[in-house]
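Subject: Structure handover

Hello,

Here is the structure I promised to pass on. Please open it beside this email and follow along.

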Amino acid sequence: MMRDLFKKTKYVQMPIKQKQVDIIPEGVWIKCPNCGEILFKDDFDKNNGVCSFCKAHHRIGAYDRLSQVLDEGTFVEMDKELSTLNVLNFPNYEEKISKAQEKSNLEEAVVTGIGQVGGLSTVIAVMDSRFMMGSMGYVVGEKITRAIETATKKKLPILIFTASGGARMQEGIMSLMQMAKTSAALAKHHQQGLLYVTVLTDPTTGGVTASFAMLGDIIISEPGALIGFAGPRVIQQTIGQKLPEGFQRAEFLLEHGFIDRIIKRKHMKEELHKILLLHSKEAFYE
Amino acid sequence: MNNNDKIEKLHNKLEELYELTKEQSIDFSFEISELEKKLTTLKENYYSHLTPWDKVSLVRMSTRPVAKTYIDHILDDFIELHGDRLHKDDKAVIGGIGFLDKIPVTVIGQQKGATTKENIERNFGMLHPEGYRKALRLMKQAEKFHRPIICFVDTPGAFCGIGAEERGQGEAIARNLMEMSMLKVPIISVVIGEGGSGGALAIAAGDRVWMLEHSVYSILTPEGFASILWKDSSKAKEAAEVMKMTAKDLLDLGAIEKVIPEPLGGANAQPVEMADTIKALLIEEIKELLNLDVDVLLENRFNRFRQMGSSMYSS
Ligand SMILES: [Zn+2]
């Protein structure tokens, strides 16, 4: 029966799938938001959140990402307890934060720490779009800045996986200032001749694109990720015309020269290991 | 009757008296002087109680002096320089060199137009990536020749469009932020009207950021903010009230170093007086920054952003 379900002939399958979904326990099956196919949750997880039909790279949580990229048991988290205070008294902001914390099981929209990729040590920061769309307020900016500063101090490379709708509106001008802060911290890391690799994942827009996301020595993206400064809806409203096919997708950015490579999730660890190795001391001396 | 109408009415009354004095040679000097006093008091009261939205409206008026107004008044022998050497010359930003009281400086100004025609030519002060790259080119040139940099910020935001995305708007802004943190010359930015989003920050990541009293500086325009947060851009006025975007708000937050008082009626009414005030402050500050050791200058610049908002978390 499962084999029938995974057949690609959509028009025949549709009604049957609907029926199946109704009788199976919740959480065992999920529907791919991209192609609409029904997927077995275990398979989907084993496939690292990539749809086995359309190959869409879906958004995944920060800890899932870390386990996909780092060697098992090597991750040491930093600043885990850092959480946001609504000192500017923006209406209903605390409630939003609490809800996001409950939903994501995270204190804030980024997880930072040190770990190893194929035995090579690196600082790593992973953003999580489930937490208020991965928006960057003071705490996100501060955690990323501290991660960069740790890398500079320990003379380590840093990997940042971006996933963000941009600056956090509720923190106003202070969110904007995080762009300058993170970029200045990266300048110091850069001046030490250390490696910075960004991996852009869906979505990466706004203030994150206009700061650390675009400053990697090497910029990688996952296939199909939305990457831009302004969101497509805003652009469409501004110019009042239809946006071209594939606009602001990873492939579009590759074509226009703003990213180095598009790498599938299943090859990400291997690719990052190669890049780290090429920049490691071992590469010089062996 | 609101304050604005009262001011208008008094203005008209005064005009009448001026006319009568001229035409009929009647001496109204007492009445005139009393009315002028009253008008000044009213104006003082009005301009010291502007709401954030009043300020947004004031700085968007066509009477508001633009970057070029200040450049012309403040610098001697200004020479405009064009282009980013990569794609084109973005007219939404003016750049060049000149003397500030005998000190050679580089100046960069986001330029709105005074008329609709000029505004279209200047793209309403909204820069494309080539505008940020032009600014960066001129900043690097300033560093080579040890010139301090003055930036006039006046933009609703970086331009949103297909070309801007194709040419890497995000990358251009990001590059400026990173490079500006390393530039070995003093950088002072003055927000003269509207400072909108990363598009403003991209020329305001220096040693000092000042705002004219009635100028605004925010994460996004109030329209954009209302549209994103409340899905309704017509709630811009309400947005302005909660955004903490006035010069005083930013000073209180520690995001800027100085609020420059505007003359009565705002810079709109007395641009020359406004320019003189800015000029005097710039001369004084630039001389002080030029005295600093480069390492100290850069460390202070780094700490300026590093320490901002440090009460905004718990751990
Ligand atoms: Zn799919």
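Is Y138(A) buried or exposed? Y138(A) counts as buried, because its relative accessibility is 2%. The cut-offs are these: buried means under 20% relative accessible area, exposed means over 50%, and partly exposed lies in between, with a 1.4 Å probe and protein chains only.

Some ground rules. This is a predicted model, where local features need pLDDT of at least 70, side-chain atom pairs count only at pLDDT 80 or more, and totals for chains, interfaces and linings use all residues. Residues are numbered from 1 along each chain as its sequence is written, chains are lettered from A and ligands numbered from 1 in the order in which they are written, and side-chain values use heavy atoms, with hydrogens and water left out.

**Domains**

Chain A has domain 1 (25–56) and domain 2 (59–285) in its domain assignment. Such bounds come from an automatic or database domain assignment. The centres of the two domains of chain A, taken over C-alpha atoms, are 25 Å apart.

**Aromatic rings**

Over all chains, the structure holds 7 aromatic pairs. The rings of W29(A) and F40(A) make a tilted pair, because their centres are 5.2 Å apart and their planes stand at 50 degrees. Rings of Phe, Tyr and Trp (its six-membered ring) pair if their centres lie within 6.5 Å; planes under 30 degrees apart count as stacked, over 60 as edge-to-face and the rest as tilted. W29(A) is in strand β1 (residues 29–31) of chain A and F40(A) is in strand β2 (residues 38–40) of chain A, 11 residues apart. Helices (H or I, at least four residues) and strands (E, at least two) are DSSP runs, numbered from the N terminus. W29(A) is buried, at 19% relative accessible area. F40(A) is partly exposed, at 22%.

Now back to Y138(A). Y138(A) and Y313(B) form a stacked pair, 5.8 Å centre to centre with 10 degrees between the planes. Y138(A) lies in helix α6 (residues 138–153) of chain A and Y313(B) in strand β9 (residues 313–314) of chain B, so this pair joins two chains. Y313(B) is partly exposed, with a relative accessible area of 24%.

There is also a cluster: ring pairs link F90(A), F225(B) and W230(B).

**Charges over rings**

The charged end of K258(B) sits over the ring of W210(B), 5.3 Å from its centre. R304(B) lies over the face of F305(B), at 4.9 Å from the ring centre. The test is NZ of Lys or CZ of Arg within 6 Å of the ring centre and within 35 degrees of the ring normal.

**The sheet in chain A**

Which strands form the open sheet of chain A, and in what order? The 7 strands run β3-β5-β6-β7-β8-β9-β10, with mixed pairing. Two strands pair if DSSP finds at least two bridges between them. β3 (76–78) and β10 (261–262) of chain A stand at the edges with a single partner strand each, so one side of each has no neighbour in the sheet.

Look at β7(A). Strand β7 (residues 158–164) of chain A runs parallel to strand β8 (residues 196–204) of chain A, joined by 6 bridges. S164(A) stands opposite T204(A) in β8(A). β6(A) and β7(A) also pair in the parallel sense, over 4 bridges. There, V126(A) stands opposite F161(A) in β7(A).

In β7(A), 7 of its 7 residues are buried. I158(A), I160(A), T162(A) and S164(A) point one way, while L159(A), F161(A) and A163(A) point the other way. In a regular strand the side chains alternate between the two faces of the sheet.

**Backbone details**

D202(A) and P203(A) are joined by a cis peptide bond, with omega about -10 degrees. P203(A) is in strand β8 of chain A.

Which phi does N92(A) have? Phi of N92(A) is positive, about 65 degrees, although N92(A) is not a glycine. N92(A) is found in the loop between β4 (83–84) and α5 (93–104) of chain A. N92(A) is exposed, at 54% relative accessibility.

K102(B) has a positive phi near 75 degrees and is a residue other than glycine. K102(B) is in the loop between β2 (93–100) and β3 (103–110) of chain B. K102(B) is exposed, with a relative accessible area of 72%.

Best wishes
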